[in-house]
Amino acid sequence: MIYTLTPNPAVDMVVSCDELKANRVTRTRDASYSPNGKGLNVSFVLSHFGRPSTILGFFGGFTGSWIVEEAAKTCPVCSVPIEGITRVNVFVNAGENEYVMPNSGAPVPREAQLEMFELMKRLEDIDALVVSGSLSPEMDQSFYLELCDLCHEKDIDLILDTSNPILADVVEREPLLIKPNDEEINAIFGVDVSSPAQIERALHEIHERGARNILCTLGSAGAYFLDDAHLYHASPAKVKVYSTACAGDASLAAFLSIWYENRDAVVPALTRAMATGANVAMSAGLGDLALVEELEKQIEVTVVE
């Protein structure tokens with residue numbers, strides 16, 4: 001069983017308006033609300049593709065209760081309760097511009113973190129753990145290292161999608177898969193990624209440091225995947241972007257829905273990943289993923305080396 005962990009979940013509110021100006025009332029429309037957090041998104045998309053998973057997370061207040069209630073309609077949820085109110089993130093689509101306003105989130109004290117570790121130790125059906133998203137306040141970045149140790153202890157495949165600088169240390173503990181984007185590679189590993197050749201070189205360097213597999217998303221430039229055998233590049237699908245929220249999470253989940261059980265199926269996994277991310281970008285939240293098969297026809301996967 002795949003489990004997903006969201007250290008800092010959220011309710012995502014997406015609204016639209018004609019324009020956004022300071023010091024005046026702006027009337028919005030098309031408001032949508034969704035239980036969110038990168039790990040939750042991974043579970044939701046895995047479920048869409050027929051792959052069961054269980055959601056782990058820290059939840060507090062009326063927003064946290066609502067997320068658990070809504071998420072449980074799709075996937076089982078193992079919740080660690082916290083004080084405070086789970087955050088609300090705001091996305092405003094104003095004409096051709098998108099404004100993204102994430103909140104910092106409710107604090108997760110050490111006691112709750114230890115409770116999560118104990119919960120995971122008791123799980124008997126966990127094969128893989130997908131850890132996605134930022135840390136909540138009061139969580140030290142060493143939380144990721146503790147997760148690595150727990151996964152090694154229980155022989156759990158660890159999959160990481162985080163922009164935290166600690167990723168540079170985590171890769172040395174040989175996670176199964178990491179999913180940075182090009183900007184995160186630049187910020188975390190301090191390498192120039194302004195050209196395809198530089199990105200490819202950086203991926204090899206990170207692989208040599210311990211990351212066993214790397215899925216690197218590049219937005220409108222597609223994605224790379226590197227394993228022990230080959231480096232692949234997937235082209236993007238051309239769509240009209242409504243909101244980029246959730247697209248990266250959906251791409252990761254779509255990739256895992258094929259690749260986790262069949263490590264040789266890189267081409268179909270990348271194809272589904274790119275099409276799914278593009279379909280999500282066309283709507284608020286995750287949308288209905290109704291166009292994935294159609295968008296797959298646009299994707300071209302090549303073996304770079």
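Predicted model: local features only at pLDDT ≥ 70, side-chain atom pairs only at ≥ 80, totals over all residues.
**Exercise 1.** State how many residues apart Lys121 and Glu118 are in helix H3, and describe their contact.

*Solution.* Step 1: H3 covers residues 110–122, and the two residues are three apart in it. Step 2: because of this spacing, about one helical turn separates Lys121 from Glu118. Step 3: their side chains form a salt bridge of 3.5 Å, N to O. Step 4: Lys121 is partly exposed at 41% relative accessible area, and Glu118 is partly exposed at 39%.

**Exercise 2.** Determine which parts of the chain are linked by the salt bridge between Asp157 and Arg263.

*Solution.* Step 1: the side chains of Asp157 and Arg263 meet at 4.0 Å, N to O. Step 2: Asp157 belongs to strand S9 (residues 157–161), while Arg263 sits in the loop between helix H8 (247–259) and helix H9 (266–281). Step 3: the two residues are 106 residues apart, so the pair links distant parts of the chain. Step 4: Arg263 is partly exposed, at 34% relative accessibility.

**Exercise 3.** Work out the strand order of the open four-stranded sheet and identify its edges.

*Solution.* Step 1: the order is S3-S2-S6-S7, with mixed pairing. Step 2: S3 (29–36) and S7 (97–101) each pair on one side only, which makes them the edge strands. Step 3: neighbouring strands are turned by 15° against each other on average, direction ignored. Step 4: S6 (residues 87–94) and S7 run antiparallel and are joined by five bridges; Ala94 has Asn97 in S7 as its bridge partner. Step 5: helix H2 (residues 61–71) lies across S2 (10–17), S3 and S6, at about 80° to S3.

**Exercise 4.** Decide whether helix H1 is mostly covered or mostly open.

*Solution.* Step 1: H1 spans residues 38–48, and eight of its 11 residues are buried, so H1 is mostly covered. Step 2: the buried residues include Leu40, Val42, Phe44 and Leu46. Step 3: after H1 comes Gly50, with a positive phi near 80°.

Conventions: Residues numbered from 1 in each chain as written. Heavy atoms only, no water. Buried < 20%, exposed > 50% of the residue type's maximum accessible area, 1.4 Å probe, protein only. Pairing = 2+ DSSP bridges. Axes fitted to C-alpha atoms, helices over the stretch in contact; angles between N-to-C directions. Contact = heavy atoms within 4.5 Å.
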